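Let's walk through a protein model together, one question at a time. Keep the structure open beside you as you read.

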Amino acid sequence: MNDLLLLMTAGIAFLITVALFPVVIPFLRRLKFGQEIREEGPSSHQKKSGTPTMGGVMVLFAVAITTLLFLPFILGDGIGRKTALLLIVLLGYGLIGFLDDYIKVALKRNLGLTSKQKMLMQLVIAAVVYIILLTGDFSTTIGIPATDLSVDLGAGYGILLLLMLVGGSNAVNLTDGLDGLLAGTASIAFGAFAILAWVVAGDVETALFSISIVGALLGFLMFNAHPAKVFMGDTGSLALGAAIAMIAIILKMELLLVIVGGVFVLETLSVIIQVASFKLTGKRVFRMSPLHHHYELKGWSEWKVVTAFWIAGLLFAALGLSMEVMAG
């Protein structure tokens, strides 16, 4: 085993994605699978109306192909239990997002799945994953980042798992609002967990799965950077959020997800604060939430906002990596 495996896996997923999108984007246009832009959003976004969406399907396809066909070849063995669980989460939450996207863009029902329908589906998949974990040798202990302390949650771990998978999928979904924003920040976060899996945990399976997502996202970014030729849609964002949460669960770095995924946490907090403030006081804290829209309305260009959030993502990832190294 050597570090070239990481580059090889990322490269395969990248090439698959880059090869597919020039074919898929015109196909999505012919199907008229264009993004509808919310009227209450920034006015500058109206020109994006009609841009093909559901590009997350190709990201998931690239990861699945890399994982199912190439990783067994690279590792000289079939996929293991961890990879199977990660694929269940990635594709399961991706299916929820696909149904939501399909209802919006193909059936022209603007709201897609209701929030209750999405939440129920997310909880069901999370519960299935927890049951699978219980059948194996899985610890309910969580570690405290940057320390050698740990806490055994016992049955309470199931609640944490549900919160992580559902919360992670929705937090990443909220971040998908500007060209290249999610693809860049998610690449950084998954890259950090790939390093943690490879170097700290010695978990080859999880490291290669994580880095395959990085490769697929970088390939997607070639077509999603401003001005975007294709959007990810809920298909990709819900799947990615649940997948990164599952990676943290498998690596037993549950609390570190809050640090490495700091951008996603801030985006979610901005929505919570905005809603709570408006309901309690009738006033808004931010010009618009999620947070990236606040900076847009302050006059920042879209590219400036995205670049700033990428840098923030890098800082959060570096902090998470350093904390785990300190603990080790």
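What follows is a conversation about one serine, a surface patch and some salt bridges in this predicted model.

Student: Is Ser-169 buried or exposed?
Tutor: Happy to start there. Ser-169 belongs to helix H5, which covers residues 157-175. Buried means under 20% relative accessible area. Because the relative accessible area of Ser-169 is 0%, this residue is buried.

Student: Which residue's side chain does the side chain of Ser-169 join in a polar contact?
Tutor: Let's look around the serine. Its contacts, leaving out residues up to four places away in sequence, include Tyr-93, Met-164 and Ser-237. The side chain of Ser-169 also reaches a backbone oxygen, that of Val-166, at 2.9 Å. The side-chain partner, in a polar contact of 2.9 Å, is Gln-122.

Student: What is the area of the nonpolar surface patch that includes Leu-95?
Tutor: Good one to find on screen. Leu-95 sits in helix H3, residues 81-105. Phe-98, Leu-99, Tyr-102 and Leu-107 make up the patch together with Leu-95, and its area is about 430 Å².

Student: How many residues apart are Lys-104 and Asp-100, and where do they lie?
Tutor: These two side chains meet in a salt bridge, with N to O at 3.2 Å. Side chains of opposite charge can pair when their charged atoms come close. Lys-104 and Asp-100 are separated by about one helical turn, because they lie in helix H3 and are apart by 4 residues.

Student: Which parts does the salt bridge between Lys-118 and Asp-234 tie together?
Tutor: The closest N and O atoms of this pair are 3.9 Å apart. Lys-118 is in helix H4 (residues 115-134) and Asp-234 in helix H8 (residues 233-250), so the pair ties together parts 116 residues apart in sequence: H4 and H8.

Student: Which residues are linked with Asp-100 in a network of salt bridges?
Tutor: A search of the whole structure gives 6 salt bridges. One of them joins Glu-254 and Lys-252, with closest N and O atoms 2.8 Å apart. The network that holds Asp-100 also links Lys-104, Lys-118 and Asp-234.

Methods:
Residues numbered from 1 in each chain as written. Predicted model: local features only at pLDDT ≥ 70, side-chain atom pairs only at ≥ 80, totals over all residues. Heavy atoms only, no water. Helix = DSSP H or I, 4+ residues; strand = E, 2+ residues; numbered from the N terminus. Buried < 20%, exposed > 50% of the residue type's maximum accessible area, 1.4 Å probe, protein only. Polar contact = N/O pair within 3.5 Å; in protein donor to acceptor, adjacent residues only side chain to side chain. Contact = heavy atoms within 4.5 Å. Patch = residues over 30% accessible without salt bridge, like charges linked within 9 Å, V, L, I, M, F, W, Y side chains within 5 Å. Areas by Shrake-Rupley, 256 points an atom, 1.4 Å probe, with all protein chains shown as cover. Salt bridge = Lys/Arg side-chain N within 4 Å of Asp/Glu carboxyl O.
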